[in-house]
Amino acid sequence: ERMAAVDEEIALKGEIRNKLETHILEMRSAKYGKHSSLLPDVTVLDEHLQEADDWLFSEESDDANLADMQSKLESTVAKTNDMCSAYLKAVKDEEEAKDRQMEAEAKQAQAEAAAAAAAGGDEDEEDHDNRRLPKKRRMEIVMKNKSEANELFSDGNYRHAAARYTKALTHCAKFVDLNPDDLEEVKGVKLSLNLNLALAYFKLEKFDQSLRVCNEALEIDDTSVKALYRRATVFYEKKRWDDATKDLQKALDVAPEDKAIKKLQQKVDLQVKRQKAKEKKMAQKMFG
């Protein structure tokens, strides 16, 4: 029971540590963001974040109990909120405006689709198109949506790109009477769409959705290097080091010279090493 309690405390401390690290990284990157002009003096903010970062790797942090660590997290975030109130308000307002815009556009799209259906318009633009189209015509619809999604993605419009990739995948499920070669072609298109959709979600920091889509890509091809690498990047963001390592090893088995995979593996190895060192030091202090 004592070991279980120790393991639980280590896990909870790790969660708090991760939250503080994430907060520090997010605010350090804020100076490169859209509303950076609303930040306070950069030197003052950097000093605040550096103090918190130094604390994370200090003996005081190693000796801290759960209450101390939670208090440090809350005080650091509270000070940041106070220092950066104008910046944080602008970010929140922008996010809420985007959500309202997305909702309005979705309603408009639904209204247009309903109007087109009532008027007997072109069903190619509808998500409820269940016609038994020839493979060539259905593929044209899929690729049209993919092309539009790629353009949106290139412009940084990841939300709408994700919606278009999803629509293309919906049409991929509507192919009929395919021969073996056609099945392989559709399979390749679906893999590409899932990879692109996973990246769009990743850019939006919707890591759970990105992980789900990566899983779907790997159901299509469990040896896809891109899918394994993409899922490993998601695992890295979710601090699931063991899962990231497994995917990276599988990817390296297929592409042993891939520099991006090797670079991410080094980052994961560093985090694992740091975590083990912290856990060892913490356990030594608990057991004397």
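1. Axes here are lines fitted to C-alpha atoms, for helices over the stretch in contact, with angles running from 0 to 180 degrees between N-to-C directions. Helices are DSSP runs (H or I, at least four residues), numbered from the N terminus. The model is predicted: local features need pLDDT of at least 70, side-chain atom pairs count only at pLDDT 80 or more, and totals for chains, interfaces and linings use all residues. Residues are numbered from 1 along each chain as its sequence is written, and side-chain values use heavy atoms, without hydrogens or water.

2. Start with helix α8 (residues 180-203) and helix α10 (residues 225-237). Their axes come within 10 Å and cross at roughly 20°. That makes α8 roughly parallel to α10 (angles under 35 degrees). The crossing is left-handed: the near helix is turned anticlockwise from the far one by less than a right angle.

3. Helix α8 also meets helix α6 (residues 135-154). The two axes come within 12 Å and cross at roughly 20°. α6 and α8 are therefore roughly parallel. This crossing is left-handed. Contact means heavy atoms within 4.5 Å. From α6, the contacting residues include Met 139, Val 142 and Phe 153; from α8, they include Val 186, Val 189 and Leu 193. The contact divides into 9 nonpolar, 3 polar and 5 charged residues (nonpolar: Ala, Val, Leu, Ile, Met, Phe, Trp, Tyr, Cys and Pro; charged: Asp, Glu, Lys and Arg; polar: the others, Gly among them).

4. One ring deserves a look. Lys 267 lies over the face of Tyr 236, at 4.9 Å from the ring centre. The criterion is NZ of Lys within 6 Å of the ring centre and within 35 degrees of the ring normal.

Methods
Helices (H or I, at least four residues) and strands (E, at least two) are DSSP runs, numbered from the N terminus. Angles under 35 degrees count as roughly parallel, over 145 as roughly antiparallel, 65 to 115 as roughly perpendicular and the rest as oblique.
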